[in-house]
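Open the model in your viewer and keep the selection tool ready. The tour has two stops.

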Amino acid sequence: MTEVVLLTGAAGLIGSALRTRMARPGRLLRLFDTATLGAPGPDEQVIQASVTDPAAVTDACAGVDAIVHLAGISGEAPYDEIQAVNVEGTRNVFEGAREHGISRVLLASSNHAVGFARREDEPLPADVPFAPDTWYGWSKTSMESMGQLYHHRFGMDVVALRIGTCRETPPHVRSLATWLSLDDAARLVEASLSTPSPGFRQVWGVSANTRNWWSLAEGFAIGYAPEDDAEAYADQVDGEPTDLVGGPFTTIPLGER
Ligand code: 15L
């Protein structure tokens, strides 16, 4: 039987990386984005719409086995925009999932949900309590707690991926510790989709970086086996390391792009 996976935000950096990496026999990828996605491949469907449109989201959920919810504003922005897209948009996704009996939702959360958490001697657990650093980070706490609500109310499996710096290559010194390679992002998503009955859980989205200080234990527990290490790029980056999870997000002006 064909597995149908709905990928919201499919035209973004991570979405585009997953589009190619998640293709496999027996899987149909339903790609959803406001941006154009090009012509669908043989095992793809394309929907150009916004997660802020409840009807479009509900329609997109028909016949879906799992949702990888990436759509949203990916950095600091005015509160009303963040609220409309990240929070209301996620509510539309959960409602669509509930209406169509979809049992698993993966959330693209962010390290900025806990941006004010501080480096300790031990690796920082993936379930470190909310400490958002921006309205953006706050929206990720809302998305995660919404995931808890739908888990407890409706028994959905919800995996919140607290993603670090997901880029082709690490862009700065901080990311030597926080980098998530695109290949490891796909490995993390596959583990989150296939691990049996995860319930609600939080997992750091980071690669196997030499300088990691965020715990990989929760990822290992669901079968995530990262292969990349930002250290390979150490001589190509500038900047300062930071002891706060969110780094520069902890001091940028609130609500400004
Ligand atoms: C994020 O959540 C952002 O979406 C991304 O643009 C990066 O800034 C990243 O966090 C990070 O912390 O490096």
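Where is Val114 found? Select Val114: it sits in the loop between E5 and helix H4 (135-154). Helices (H or I, at least four residues) and strands (E, at least two) are DSSP runs, numbered from the N terminus.

Before going on, two notes. Residues are numbered from 1 along each chain as its sequence is written. This is a predicted model, in which local features need pLDDT of at least 70, side-chain atom pairs count only at pLDDT 80 or more, and totals for chains, interfaces and linings use all residues.

Stay on Val114. Val114 counts as buried because it has 30 C-beta neighbours inside 10 Å; the cut-off for buried is 20 or more other C-beta atoms within 10 Å, with C-beta atoms placed from the backbone. Now show its contacts (C-beta atoms within 7 Å). Beyond its neighbours within four places in sequence, Val114 touches Val128, Phe130, Ala131, Arg162 and Val245.

Next, select helix H1 (residues 13-21). Ile14, Gly15 and Leu18 are buried there. They lie on the same side of H1, because they cover an arc of only 100° around the axis, taken from the directions from the helix axis to the C-beta atoms. Their cover includes strand E1 (3-8), strand E2 (27-33) and helix H6 (182-194).

Finish by showing H1 with H6. They pack at about 70°, axes 9 Å apart; axes are lines fitted to C-alpha atoms over the stretch in contact, and angles run from 0 to 180 degrees between N-to-C directions.

Conventions. Buried ≥ 20, exposed ≤ 12 C-beta atoms within 10 Å, placed from the backbone. Contact = placed C-beta atoms within 7 Å.
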